[in-house]
Amino acid sequence: MLLRWLRAFVLPTAACQDAEPPTRYETLFRALDRNGDGVVDIRELQQGLQNLGIPLGQDAEEKIFTTGDINKDGKLDFEEFMKYLKDHEKKMKLAFRSLDKNNDGKIESSEIVQSLQMLGLHISEQQAELILQSIDSDGTMTVDWDEWRDYFLFNPASDIEEIIRFWKHSTGIDIGDSLTIPDEFTEDEKKSGQWWRQLLAGGVAGAVSRTSTAPLDRLKVMMQVHGSKSMNIFGGFRQMVKEGGIRSLWRGNGTNVIKIAPETAVKFWAYEQYKKLLTEEGQKLGTFERFISGSMAGATAQTFIYPMEVLKTRLAVAKTGQYSGIYGCAKKILKQEGFGAFYKGYVPNLLGIIPYAGIDLAVYELLKTYWLDNFAKDSVNPGVVVLLGCGALSSTCGQLASYPLALVRTRMQAQAMVEGAPQLSMVGLFQRIVSKEGVSGLYRGITPNFMKVLPAVGISYVVYENMKQTLGVAQK
């Protein structure tokens, strides 16, 4: 409907491409200028685009005004409107030519696959055809310049990489994120300051989510450390409440929340540095490079904040009155065990990053591909529920693979607190656990760990979205 309207009244094709731009721009401008005062404000633009059914990201209106409103009066007159669209068309033309590998004036599914592969994204021919269907207006399963221009007429994507990101969002073909691989930010997001707002929103969401699921997290730690006592879920909660009251269920959560900020900052900084080391200037970051960069960034961040991981475990396992707080715990460990105690379990912690990040990434891509191949019919956008479900399941698989290492790490962190327990190495602990508790002993506490996945994902998502709105983060 939209493309036919544009072609018939606004954007004459092929033969009219050399017609005077003001004529077709003026027709569209008049359609948007609903009160006929010669200027288009943000509400008129939003209402007009909605009536035309033009597919935009939620931040498109703001970006159009930021870019097109030359005199910064909060309104677009015809000259500003025309200049914006003319400049935008030039960028769209360059992007179209970048995708049109064989220079035949049409974009085919194979060219989309090839272009995405250059960015490290691997999709099937069928998935590429779904992308084409959303743009193709004449049913030829190819996209010519006019269809391309009409579809991206107002979308603020300005170059090939940004257009690919727009597709990634609308189709769900994104790398995804995990506990070790940071988010990707566009150059525009970095320049506008959107990146730190998103990081802050994520930090607040993480704090609320961790606090909400802290009782399950402490129970997991207790079961990991005292696995030989066969502590079950209900017995564990009963024991913790009896020993320290309801408040004791959140013991160690303060440290768990405090470490979010330094860990996020170091991880983001390190990720950017590793990306530069692994790619040449101007080269796109592929999936493998992103995995390596993310894993190394996670390892770097863990190196900086690992003492806080040890403090969190010690506080969670501690009895009432054993430590006066975070500072008291740190002071006591340093005095009695020395600085090295703050890095107990460091090796299995680093080793656990690789299987977690790798399996999380692989399962997420597998689930997305399966959905796109089997369920994407009218739309290639899976929606929030499917994306959150894929994220939760892939995270669970990653945790399942790395859990034995996480358990050994936790026991090494806390074994000095367990009376009569020998101070074993990583290999020694593995052997002791398997010999005394069997292979299942390596998975003590995994039930409460899995129980917190869905509420943690749901809570963090809701808080993250609300924080982005509060901080003024542009919605994609």
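**A friendly note on this predicted model**

1. Let's start with one residue. Glu263 has a relative accessible area of 9%, so Glu263 counts as buried, the cut-off being under 20%. Please keep in mind that this is a predicted model. Glu263 sits in helix α15. Leaving out residues up to four places away in sequence, Glu263 touches Arg210, Ala301, Gln302 and Ile305.

2. Now step back to the whole chain. The protein chain contains 22 helices and four strands. Of its 476 residues, 49% count as buried. If you take contacts between residues at least 6 apart in sequence, 69% of them join residues at least 24 apart.

3. Next, look at a pair of helices. In general, a packed pair is described by the angle between the two axes and the distance between them. Helix α11 (residues 194–212) packs with helix α15 (residues 260–278) at an angle of about 140°, and their axes are 10 Å apart. The crossing of α11 past α15 is right-handed. On the α11 side, the contact is made by Trp195, Leu199, Gly203, Gly206, Ala207 and Arg210. On the α15 side, Ile260, Glu263, Thr264 and Phe268 take part. Sorted by class, this contact has five nonpolar, three polar and two charged residues.

4. Asn256 is placed in helix α14 (residues 253–258). Is Asn256 buried or exposed? Its relative accessibility is 9%, and since buried means under 20%, Asn256 counts as buried. Not counting residues up to four places away in sequence, Asn256 touches Arg210, Asp217 and Lys312.

5. The buried residues of α17 are Gly328, Cys329, Ala330 and Ile333. After α17 comes Gly338, with a positive phi near 90°.

6. Helix α22 (residues 453–471) has 19 residues and reaches 26 Å from its first C-alpha to its last, close to the 27 Å expected at 1.5 Å a residue. Its buried residues are Val453, Ala456, Val463, Tyr464, Glu465, Met467 and Lys468. α22 is followed by Gly472, whose phi is positive, near 75°.

7. Ser402 is found in helix α19 (residues 383–414). With a relative accessible area of 9%, Ser402 is buried. Which residues is Ser402 in contact with, leaving aside its neighbours within four places in sequence? They are Gly352, Pro355 and Tyr356. Ser402 and Gly352 are 50 residues apart in sequence, yet 5.1 Å apart in space, C-alpha to C-alpha.

8. Finally, a word on the cysteines. A disulfide is a covalent bond between the sulfur atoms of two cysteines. How many disulfides does the structure hold? The structure holds zero. Cys390 is buried, as its relative accessible area is 8%. Cys397, at 25% relative accessibility, counts as partly exposed.

Definitions and conventions. Residues are numbered from 1 along each chain as its sequence is written. This is a predicted model: local features need pLDDT of at least 70, side-chain atom pairs count only at pLDDT 80 or more; totals for chains, interfaces and linings use all residues. Side-chain values use heavy atoms; hydrogens and water are left out. Axes are lines fitted to C-alpha atoms, for helices over the stretch in contact, and angles run from 0 to 180 degrees between N-to-C directions. Helices (H or I, at least four residues) and strands (E, at least two) are DSSP runs, numbered from the N terminus. A crossing is left-handed if the near helix is turned anticlockwise from the far one by less than a right angle, and right-handed if clockwise. Contact means heavy atoms within 4.5 Å. Ala, Val, Leu, Ile, Met, Phe, Trp, Tyr, Cys and Pro count as nonpolar, Asp, Glu, Lys and Arg as charged, and the others, Gly among them, as polar. Buried means under 20% relative accessible area, exposed over 50%, partly exposed in between (1.4 Å probe, protein chains only). A disulfide is a pair of cysteine sulfur atoms within 2.5 Å. The expected span of a helix is 1.5 Å times one less than its number of residues.
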